[in-house]
Amino acid sequence: MPPLSIAPSILAADFAHLADAVALVADTADLLHVDVMDGHFVPNLSIGPPVVKALHSVTDLPLDCHLMMTNPGEYLEAFRQAGAHSCTVHVEIGDTAELIKQMRDLGLGVGLALNPDCRFDAVKPFMADIDMLLVMSVFPGFGGQSFIADVLTTVEAARDLVAVQGLPTVIQVDGGIDTATIGAAAAAGATNFVAGTAVFGQANPSEAVTALRNTANAALAA
Ligand code: DX5
Ligand code: ZN
């Protein structure tokens, strides 16, 4: 069983003080989740490579970019140059095999995401070629939404495939993760947890990361 990792989503941080927000979780977080929204794939706009570059200059945490975009292939190189450690593209946009190859060739960690209404079958053929499967537990576009428990069946299906095939693929969940929901996600087989509101929406983000990790570990020990 790989160790659990917590990825605070900077979407919930104060954009006017991003460096301060990142410094707050530097000692407890494992990586940073960077939500990139294009106004097409999702009905919201957020940030792009210039902000990744700025983050890269103030933190040693790996920058994991969640690309909620219709055309991520046109920007992967820019994200790499900006300092992205890994990128995740959505299976719903198609061209998955080509995008995976592009990310590999650039030396990026390779993530593939699926929305809550997407069947596991859509990502199954790619599981051996990716480093991380991102199971969305909300419909992407906004932070602060409620966890959709139905996606736990997808997490379980991914966990079972990973076990049967002996794959190193990490299973990440994103959306509505807090101390009330992280236990169920961990029990279903997720090992990497994105949390925005449950970290940066709290008075002490560093303690919030630790609380999430402890809650997930407790659920596995139960
Ligand atoms: C949703 C984003 C999530 C979001 C999570 O579109 O992909 O990463 O920031 O925010 P919370 O943890 O508040 O649900
Ligand atoms: Zn995200």
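Me: What spacing do the donors of the zinc ion (ligand 2) follow along the chain?

Reply: In this predicted model, the donors follow the spacing H-x1-D-x30-H-x107-D. The residues concerned are His-33, Asp-35, His-66 and Asp-174.

Me: What makes these residues donors of the zinc ion (ligand 2)?

Reply: A donor must be an N, O or S atom within 2.8 Å of the metal. His-33 contributes NE2, His-66 contributes ND1, and Asp-35 and Asp-174 contribute OD, at 2.1 to 2.3 Å. These atoms therefore meet the criterion.

Me: Why is the site of the zinc ion (ligand 2) called octahedral?

Reply: Six donors count as octahedral if opposite donors are over 155 degrees apart and all other angles lie between 65 and 115 degrees. The site has six donor atoms, with angles of 73 to 171 degrees among them, and is classed as octahedral.

Me: How do you know whether His-33 is buried or exposed?

Reply: Buried means under 20% relative accessible area. His-33 has 0% relative accessibility, so His-33 counts as buried. Asp-35 has a relative accessible area of 7% and is therefore buried by that criterion.

Me: Why is the contact of Lys-101 with Asp-105 called a salt bridge?

Reply: The term requires a side-chain nitrogen of Lys or Arg within 4 Å of a carboxyl oxygen of Asp or Glu. Between Lys-101 and Asp-105 the N to O distance is 2.6 Å, so the pair qualifies. Both residues lie in helix 4 (residues 96-106), four residues apart, which is about one turn of the helix.

Me: Why is Asp-105 called exposed, and Lys-101 partly exposed?

Reply: Exposed means over 50%, and partly exposed lies between that value and 20%. Asp-105, at 56% relative accessibility, is therefore exposed. Lys-101, with a relative accessible area of 47%, is therefore partly exposed.

Me: How many salt bridges does a search of the whole structure find?

Reply: The search finds five. Among them is the bridge between Arg-119 and Asp-121, at 3.3 Å from N to O.

Note on methods
Residues numbered from 1 in each chain as written. Chains lettered and ligands numbered in written order. Predicted model: local features only at pLDDT ≥ 70, side-chain atom pairs only at ≥ 80, totals over all residues. Heavy atoms only, no water. Donors = N, O, S within 2.8 Å, 3.2 Å for Na, K, Ca; no water. Tetrahedral: all angles 85-135°; square planar, octahedral: opposite > 155°, others 65-115°. Buried < 20%, exposed > 50% of the residue type's maximum accessible area, 1.4 Å probe, protein only. Helix = DSSP H or I, 4+ residues; strand = E, 2+ residues; numbered from the N terminus.
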